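Subject: Two-chain model, notes attached

Hello,

Here is the structure you were to take over. My notes follow below it.

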Amino acid sequence: MANFDTLSAAAIAAGVKAGDFSATEVARAALDAIEARDGEVQAFLQTSAELALEAAAATDAARAAGEELGPLAGVPMAYKDNMHLVGTRTTCASKMLYNYESTFTATCVQRTLDAGATPVGKANMDEFAFGSSTESSAFHPTCNPWDTTRVPGGSSGGSAAAVASGEVPLSLGSDTGGSIRQPASFCGVVGMKPTYGAVSRYGVVAFGSSLDQVGPFGRSVTDVALAMNALVAGGRDHLDSTSQEVPANFLDGLEDSVEGMRVGIISALMEHEAVTDEVRKGLEAARAALEAQGVEVVEVELPNMTSAIAAYYVIGPSEAFSNLARFDGVRFGYQEPNCTTLAEQTALSRAHGFGAEAKRRQMLGAYLLAAGVYDKYYYPAQQVRTLITDDYRRAFECCDAILLPTSPTSAFHFGEISDPTQMYASDLFTISNNIAGNGGVSVPVGLGSTSGMPIAAQLQGPAFKDHTLLRMARALERSIEEAGLAKPGTVAPAFAGKGGEL
Amino acid sequence: MALTREDVRGIADYARIALTEEELDEMTTYMNEAVEMLQPIREYDLEGVEPTFHPIGDLSNVMAGDTPNAHGRSLDIDVALSNAGASQGRTFRVPSILGDEGGDR
């Protein structure tokens with residue numbers, strides 16, 4: 001038959017249900033593709049062949065017994081390594097957790113397994129999700145499948161690269177300031193940050209608790225919608241107090257016309273000095289593609305968006321400092337040997353377990369929460385958060401979604417951005433979404449005229465209107481394909497067909 | 001006013017991260033650059049603006065009965081201890097919390 005990387009997640013699930021191939025054959029093809037491709041891509045921190053084959057065998061047995069199969073039946077999936085999955089380590093790409101064995105399974109992971117998915121491994125990331133390039137992983141970098149001298153973005157870089165290189169059709173990532181959407185953009189795949197509260201975070205190692213959200217990567221909007229259904233189908237998760245009831249209807253009406261719907265653009269943002277010409281051209285193509293689908297383009301304003309990075313780098317590090325205080329070397333995590341006092345053990349375990357960026361973020365958070373400093377930054381940042389949220393509310397009074405770049409540039413080279421605060425600025429267009437909590441999705445719109453690397457458009461929608469947002473994303477994807485600019489479902493050319501025959 | 005190396009040493013002590021002298025130099029530079037980046041927050045007139053601490057406004061704490069394993073999510077003791085650097089019997093093992101100088105901070 002064909003190589004498994006030509007199949008969408010939806011096609012795999014349909015093929016397994018129809019008996020065209022077994023879940024076990026698909027699992028073997030995925031493990032074979034990883035074997036052939038991951039030497040160059042390095043998307044995985046750990047593969048879980050045994051778990052994969054067990055899950056696939058269970059799917060095949062269920063089919064043989066005449067049971068109804070789930071919507072992700074036999075679909076190989078990768079999980080960002082901050083998600084617990086019993087039978088794997090959960091390292092957060094940190095020396096702190098290098099040997100930490102998952103003691104339970106995260107709800108988001110479990111729900112994909114309940115839907116029939118085959119877990120093939122844990123994906124690389126920036127350490128504790130602090131970063132935009134996956135370069136801060138304590139173990140190894142991940143390469144962009146479109147050009148292995150470039151980064152895949154981050155922090156969910158492994159999850160994006162695994163999908164882009166055809167190792168898996170679907171993966172999960174987490175997004176605190178753009179960590180799903182930006183790597184999706186860099187790797188030429190679709191990545192969605194759902195509305196805050198749509199997907200349970202139980203069992204996902206916390207970074208910024210008022211910002212973190214889990215979401216899927218796929219090679220098409222349809223596959224992302226399929227994964228979203230699985231993630232919300234179990235209803236509200238009582239193990240995560242932020243979890244909300246969301247209908248699992250993301251595939252319903254996905255192909256419907258968007259004629260007469262409105263998309264907002266912010267002209268001033270496109271003039272930002274950080275935006276490269278090729279990204280500007282990509283966004284012009286996206287706008288034209290939506291107009292070709294009958295979407296009306298209106299001008300909107302998000303006047304406080306330029307302060308979003310400042311607000312984020314108050315809120316994010318403060319919450320991270322609080323969350324990462326649990327890594328004291330006692331119950332889990334790296335423990336410094338031969339210490340005579342607990343205080344010494346704590347300070348040295350944290351000094352030697354955490355990498356440079358994890359230390360920086362926690363130091364910044366510790367400072368911002370200190371008495372006398374809190375009133376100058378933390379409290380005002382939460383007030384600015386109100387202003388940003390109000391901006392969105394006003395903007396969505398006159399449009400169904402906002403169109404903007406995902407990232408100001410395409411994927412950069414390893415080592416190209418070495419200054420931490422310069423790296424922070426690359427989250428310019430994604431971060432305000434996390435601050436307000438509404439959903440966003442990154443959709444490939446073609447290759448850059450200068451770099452030859454994938455360029456993406458981002459659509460942001462109102463809170464809990466992720467269904468409409470995906471419908472708009474699908475219209476954009478369809479129109480971009482009709483214009484011959486990008487073909488959904490395709491793998492980065494250098495890796496297509498390498499291992500993974502089905 | 002810029003943060004000094006001694007300020008940063010104090011923050012590291014509070015954050016319980018034992019930084020080396022070399023790391024302290026780098027961290028001081030970083031902290032000052034990062035704080036500079038946050039200045040837009042201080043330039044707002046925020047009189048009368050309510051803060052938003054959380055995207056979902058009406059969350060409340062989840063309470064549970066004071067009974068063992070009320071939500072069925074408690075770990076078995078051997079599982080809970082399995083990732084610990086040091087344990088003894090049913091407990092995590094830690095060095096002296098008082099130490100030679102007679103007190104933890």
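Chain A holds an open sheet of 11 strands with mixed pairing, in the order β1-β3-β2-β4-β6-β5-β10-β11-β9-β7-β8. Helices and strands here are DSSP runs numbered from the N terminus, helices being H or I with at least four residues and strands E with at least two. Two strands pair if DSSP finds at least two bridges between them. The edges of the sheet are β1 (44-47) and β8 (296-299) of chain A, each of which pairs on one side only. From one strand to the next, the twist averages 30 degrees.

This is a predicted model: local features need pLDDT of at least 70 and side-chain atom pairs count only at pLDDT 80 or more, while totals for chains, interfaces and linings use all residues. Residues are numbered from 1 along each chain as its sequence is written, and chains are lettered from A and ligands numbered from 1 in the order in which they are written.

Pairing in the sheet

- β2 (residues 76-80) and β4 (residues 170-175) of chain A run parallel and are joined by 3 bridges; A:Met77 has A:Leu170 in β4(A) as its bridge partner.
- β7(A) pairs with β8(A) in the parallel sense over 4 bridges, and the bridge partner of A:Gly264 in β8(A) is A:Val298.
- β7(A) also pairs with β9(A), in the parallel sense, over 3 bridges; here A:Ile265 stands opposite A:Leu403 in β9(A).

Helices on the sheet

Angles run from 0 to 180 degrees between N-to-C directions, with axes fitted as lines to C-alpha atoms, for helices over the stretch in contact. Two residues are in contact if their C-beta atoms, placed from the backbone, lie within 7 Å. Helix α5 (residues 157-164) of chain A lies across β1, β2, β3 (118-123), β4, β5 (190-193) and β6 (213-218) of chain A, and runs at about 155 degrees to β4(A). Helix α16 (residues 466-482) of chain A packs on the sheet as well, where it touches β7 (262-265), β9 (401-405), β10 (440-447) and β11 (454-460) of chain A. The direction of α16(A) makes about 5 degrees with that of β10(A).

Chain B

Chain B has 3 helices and 2 strands, which run α-α-α-β-β from the N terminus on. Its radius of gyration, taken over C-alpha atoms, is 22 Å, whereas a compact globule of 105 residues would have one near 13 Å (the globule rule is 2.2 Å times the number of residues to the power 0.38). Along the principal axes, the C-alpha atoms of chain B fill a box of roughly 55 × 45 × 25 Å. Buried residues make up 16% of the 105 residues in chain B, where buried means that 20 or more other C-beta atoms, placed from the backbone, lie within 10 Å of the residue's own.

In α1(B), B:Val8, B:Ile11, B:Ala12 and B:Ala15 are buried. These residues lie on the same side of α1(B), because they cover an arc of only 100 degrees around the axis, the arc being that of the directions from the helix axis to the C-beta atoms. The buried residues of α1(B) pack against α10 (308-323) and α12 (356-368) of chain A together with α2 of chain B. After α1(B) comes B:Arg16, with a positive phi near 55 degrees.

Contact between the chains

In chain B, 47 residues are in contact with 55 residues of chain A. The elements that give two or more residues to this side of chain B are α1 (5-15) and α2 (21-37) of chain B, and α2(B) gives the most, with 6 residues.

Regards

How values were computed
A residue is buried if 20 or more other C-beta atoms lie within 10 Å of its own, exposed if 12 or fewer, and partly exposed in between; C-beta atoms are placed from the backbone.
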